[in-house]
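This report describes a structure through its helices, their packing and a few individual residues. Please keep the sequence and the model in view while reading.

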Amino acid sequence: MPMINVKCSCDIPQPVLKELSSIAADIIGKPLQYVMAAGSRTDIILAGSAEPAAFVEVKSIGGLTSEVNRNLSQKICALLEKELHIPAERTYITFQSFTADSWGWNGSTFG
């Protein structure tokens, strides 16, 4: 049920999405079988510049705390900088926690 959605100014290879899935599963403490990672290329202007940048959304049913979010932010930024050459200072990340009945899957919800 954790979902990481990356929108950035470059293509995102599948190995990067797989690594993001592993990072989310490990840090949030959810089974990898429920983690989804998606990526898309888009135009981004940040601070008036079109230099490489990313916007990342992390959503989960529980498991997101201040400590978890800081750890996720550090790991996600490090991966995007290493693999996609997007500086951490050009990456915004949002975190959103949902109740189990607000997340649909397999014709029902988790709650």
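This is a predicted model: local features need pLDDT of at least 70, side-chain atom pairs count only at pLDDT 80 or more; totals for chains, interfaces and linings use all residues.

## Basis of the description

Helices and strands are here DSSP runs, a helix having at least four residues (H or I) and a strand at least two (E), and they are numbered from the N terminus. In that scheme Cys77 lies in helix α2.

Helix α2 covers residues 66-84, a run of 19 residues, and the distance from its first C-alpha to its last is 26 Å, close to the 27 Å expected at 1.5 Å a residue. Its buried residues are Val68, Asn69, Leu72, Ile76, Cys77, Leu79, Leu80 and Leu84. Seen down the axis of α2, these buried residues fall within an arc of 165 degrees, so they line one face of the helix. The face turned away from that buried side carries the exposed residues Glu67, Arg70 and Lys82.

What do the buried residues of α2 pack against? Their partners are β1 (3-8), α1 (14-29), β3 (54-61) and β4 (91-98). Just after α2 comes His85, which takes a positive phi of about 60 degrees.

Cys77 can be followed individually as one of the buried residues of α2. Because buried means under 20% relative accessible area, Cys77 with its value of 9% is counted as buried. When residues up to four places away in sequence are not counted, Cys77 touches Ala88, Thr91 and Ile93. The C-alpha atom of Cys77 is separated by 29 Å from that of Phe110, and the two residues are 33 residues apart along the chain.

## Helix α1 and its packing on α2

Helix α1 has 16 residues and reaches 22 Å from its first C-alpha to its last, close to the 22 Å expected at 1.5 Å a residue. Val16, Leu17, Leu20, Ser21, Ile23, Ala24, Ala25, Ile27 and Ile28 are buried in α1, and the buried residues of this helix pack against β1, β2, β3 and α2.

Two packed helices are described by the angle between their axes and the distance between the axes. The axes of α1 and α2 come within 10 Å and cross at roughly 165 degrees. That makes α1 roughly antiparallel to α2, and the crossing of the two helices is right-handed. On the α1 side the contacts are made by Val16, Glu19, Leu20, Ile23, Ala24, Ile27 and Ile28, which meet Val68, Asn71, Leu72, Lys75, Ile76, Leu79, Glu83 and Leu84 in α2.

## Cys8 in strand β1

Cys8 is found in strand β1 and, at 0% relative accessibility, counts as buried. Not counting residues up to four places away in sequence, Cys8 touches Ser40, Arg41, Thr42, Ile44, Ala53, Ala54, Leu84 and Ile86. Although Cys8 and Ile86 are 78 residues apart along the chain, their C-alpha atoms are separated by 8.7 Å.

Leaving aside neighbours within four places in sequence, Tyr92 is in contact with Leu46, Ala54, Phe55 and Val56. Tyr92 and Ser73 are 19 residues apart in sequence and 8.9 Å apart in space, C-alpha to C-alpha.

Phe98 also lies in strand β4, and this residue is partly exposed, with a relative accessible area of 23%. With neighbours within four places in sequence left aside, the contacts of Phe98 are Lys59, Ser60, Ile61, Gly62 and Trp103. The C-alpha atoms of Phe98 and Val68 are separated by 15 Å, the residues being 30 residues apart along the chain.

## Positive phi in two loops

Ala47 is not a glycine, yet has a positive phi of about 55 degrees. The place of Ala47 is in the loop between β2 (36-41) and β3, and Ala47 is exposed, with a relative accessible area of 78%.

Asn106, likewise not a glycine, has a positive phi of about 55 degrees. The loop that holds Asn106 runs between β5 (104-105) and β6 (108-109), and Asn106 counts as exposed at 64% relative accessibility.

Note on methods: Residues are numbered from 1 along each chain as its sequence is written. Side-chain values use heavy atoms; hydrogens and water are left out. The expected span of a helix is 1.5 Å times one less than its number of residues. Buried means under 20% relative accessible area, exposed over 50%, partly exposed in between (1.4 Å probe, protein chains only). The arc is that of the directions from the helix axis to the C-beta atoms. Contact means heavy atoms within 4.5 Å. Axes are lines fitted to C-alpha atoms, for helices over the stretch in contact, and angles run from 0 to 180 degrees between N-to-C directions. Angles under 35 degrees count as roughly parallel, over 145 as roughly antiparallel, 65 to 115 as roughly perpendicular and the rest as oblique. A crossing is left-handed if the near helix is turned anticlockwise from the far one by less than a right angle, and right-handed if clockwise.
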